[in-house]
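Subject: structure handover

Hi,

Have a look at it first, then read on.

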Amino acid sequence: MKRLFFVICLLGTIPVFAGGGEAPVYRKVVNTAFKRGEQLKYRVHYGAVNAGVAIINIDNTNKLVNGRPTLHAVGKGNSIGAFDWFFKVRDHYESYIDEEAMMPWIFIRRVDEGGFKINQNQTYDHNVGRVNSDGKFLTVPKYVQDMVSTFYYVRTMDFSK
């Protein structure tokens, strides 16, 4: 499972360049896999023990980012039952994904796992190939994906061949 996640993350970092010109030109990804209002629920197991639940959905928000329509994906994960007594997990992820190009514009991460906390805010500038990660600017390949947008981008791919 860890290998599959690693491969999916790598797919999201493969640079794909669109044509030039004055106005940015982005790829067009055909999406017949999901739409607004979708909600997926997962049970998380640690061996035979029900350890948590994860819910990811595309809400009905219609937000423009850089003048482009986005899908707002929200993922939440919580530990449950007896597992929650030993290792409390409260994770929250959000991504604003370009509806046509299936690339992230904004990524928000709030992780609290057994007292270990991560708070991340990332804003992507795909025109110049960089991300502002909490004030630190990093160079990234065009169409790089965050953790949540990767999940949705991969779902648009045709694996039949």
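Tyr143 sits in the loop between β9 and α3, where helices (DSSP H or I, at least four residues) and strands (E, at least two) are DSSP runs numbered from the N terminus. Its phi is near 65 degrees, a positive value in a residue other than glycine. Most residues other than glycine have a negative phi. Tyr143 counts as buried, at 1% relative accessibility; buried means under 20% relative accessible area, exposed over 50%, and partly exposed in between (1.4 Å probe, protein chains only). Asp134 also has a positive phi, of about 55 degrees, although it is not a glycine. That residue lies in the loop between β8 (130-133) and β9 (136-139) and is partly exposed at 44% relative accessibility.

Before you go further: this is a predicted model, so local features need pLDDT of at least 70 and side-chain atom pairs count only at pLDDT 80 or more, while totals for chains, interfaces and linings use all residues. Residues are numbered from 1 along each chain as its sequence is written, and side-chain values use heavy atoms, with hydrogens and water left out.

The overall layout. The protein chain has 3 helices and 9 strands, running α-β-β-β-β-α-β-β-β-β-β-α from the N terminus. Of its 161 residues, 37% count as buried. The accessible surface is about 10100 Å², with 59% of that belonging to carbon and sulfur atoms (areas by Shrake-Rupley with a 1.4 Å probe; for residues, only the protein chains shown count as cover). Taking contacts (heavy atoms within 4.5 Å) with a separation of 6 or more, 46% are between residues 24 or more positions apart.

Now the inside. A nonpolar core here is a set of buried Ala, Val, Leu, Ile, Met, Phe, Trp, Tyr and Cys residues joined through side-chain atoms within 4.5 Å. The largest one has 18 residues, and those with the most contacts inside it are Phe34, Ile58, Ala73, Met102, Val148 and Tyr152. At least two residues each come from β2 (49-58), β4 (68-79), β5 (90-98), β6 (104-113) and α3 (147-155), and α3 gives the largest share, 3 residues.

Helix α3 itself has Val148, Ser149, Thr150, Tyr152, Tyr153 and Val154 buried. At its start, a side-chain oxygen of Asp146 comes within 2.8 Å of the backbone nitrogen of Val148.

On to charges. With a salt bridge defined as a side-chain nitrogen of Lys or Arg within 4 Å of a carboxyl oxygen of Asp or Glu, the count comes to 7.

- Arg36 and Glu99, with closest N and O atoms 3.2 Å apart. Arg36 is in the loop between α1 (2-11) and β1 (39-46) and Glu99 in the loop between β5 and β6, so the pair ties together parts 63 residues apart in sequence. Arg36 is partly exposed at 24%, as is Glu99 at 31%.
- Arg68 and Asp98, 2.4 Å from N to O. This pair links distant parts of the chain, Arg68 in strand β4 and Asp98 in strand β5, 30 residues apart. Arg68 is buried at 18% relative accessibility, and Asp98 is buried at 1%.
- Lys117 and Asp112, with closest N and O atoms 3.9 Å apart. Lys117 is exposed at 57%, whereas Asp112 is partly exposed at 23%.

Shared partners also join Arg68, Asp98 and Glu100 into one salt-bridge network.

Last, helix α2 (residues 81-86), which holds Trp85 and Asp84. Buried or exposed, what is Trp85? Trp85 is exposed, with a relative accessible area of 72%, but Asp84 is buried at 14%. The Asp84 side chain makes a polar contact with the side chain of Ser79 at 2.4 Å (a pair of N or O atoms within 3.5 Å; within protein, one must be able to donate a hydrogen and the other to accept it, and residues adjacent in sequence count only if both atoms are side-chain atoms). Trp85, Phe86 and Phe87 form a nonpolar surface patch with about 460 Å² of accessible area together. Patches take residues with over 30% relative accessible area and no salt bridge, joining like charges within 9 Å and nonpolar side chains (Val, Leu, Ile, Met, Phe, Trp, Tyr) within 5 Å.

Cheers
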